[in-house]
Amino acid sequence: MSNTKAKTTTATETAKEAAADVTKEFETMISANRKTLQDAFKSGAEAAEKAILSGTEAFKTSYEKAVKDSKEQVEKAAKTFGENKFFDNESAEPFVKAGTAAAEKGEKINAELIEFGTTRVSEYFTATRSVLDADDFQKAVEVQTEYARNSIETYVSEAGKINAMVIDATKTLMEPFGAQYAANMDKFLNRA
């Protein structure tokens, strides 16, 4: 039995030594090539960040143009309907006001979402660079932990902000219909 125990102890010690050797070789390899790896990751991160930010700017420009063109088309359609003698301007006015408000509020909400996304991407790449520049593993973990904590706080804050914007938009969209409803009720009650 002591022979089996000795073999087990020897095997365990050999496995521990092998693991330590592998760890040491890995650490040596990483420390020797650290600068090259950091430069490669930084270069890749910078290229990705430029590509994403460039794409975001192109999207913003296209989006703003689409919103502007849509507004112009809605104004033209409203004007065309208003000139038609069979069109009831009084009844349609709340829909036109609500449509205009929806476009304006939607534009603000979308602009906020685009800005939030752009900021998050930028902060991600900043955190990535900081992790790569970290002197040791502990510092890299601290940077990553701080980034994760800030990200969660920012997401919660942004969700609250977007929620408030949506509630405001909903209220604004309903206002023209409330006034029209009250006016129609007055007409109905005066006829009765």
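How far should the 55 residues of helix H3 span, at 1.5 Å a residue? The answer is 81 Å, and the end C-alpha atoms of H3 (residues 137-191) are 81 Å apart, which agrees. Keep in mind that this is a predicted model, where local features need pLDDT of at least 70 and side-chain atom pairs count only at pLDDT 80 or more, while totals for chains, interfaces and linings use all residues. Residues are numbered from 1 along each chain as its sequence is written, and side-chain values use heavy atoms, with hydrogens and water left out.

**Helix H3**

- Helices here are DSSP runs (H or I, at least four residues), numbered from the N terminus, and the expected span is 1.5 Å times one less than the number of residues.
- H3 bends by about 30 degrees at Glu175, and a proline, Pro176, follows within four residues; the bend is the angle between axes fitted to the seven residues ending at a residue and the seven starting there.

**Salt bridges between helices**

- Searching the whole structure turns up eight salt bridges, each a side-chain nitrogen of Lys or Arg within 4 Å of a carboxyl oxygen of Asp or Glu.
- Lys60 pairs with Glu115, with the closest N and O atoms 3.7 Å apart.
- Since Lys60 sits in helix H1 (residues 2-83) and Glu115 in helix H2 (residues 89-133), this pair ties together parts that are 55 residues apart in sequence.
- Lys60 is buried at 18% relative accessible area, whereas Glu115 is partly exposed at 39%.
- Glu57 joins in too: Glu57, Lys60 and Glu115 are linked in a network of salt bridges.
- Glu112 forms a salt bridge with Lys161, the closest N and O atoms being 3.3 Å apart.
- Glu112 is in H2 and Lys161 in H3, so here the parts tied together are 49 residues apart in sequence.
- Glu112 counts as buried at 17%, and Lys161 is partly exposed at 43%.

- Glu123 and Arg120 form a salt bridge, with their closest N and O atoms 2.0 Å apart.
- The two are three residues apart in helix H2, which separates them by about one helical turn.
- An α-helix has 3.6 residues a turn, so residues three or four places apart point the same way.
- Arg120 is buried at 7% relative accessible area, while Glu123 is partly exposed at 34%.

Technical notes:
Buried means under 20% relative accessible area, exposed over 50%, partly exposed in between (1.4 Å probe, protein chains only).
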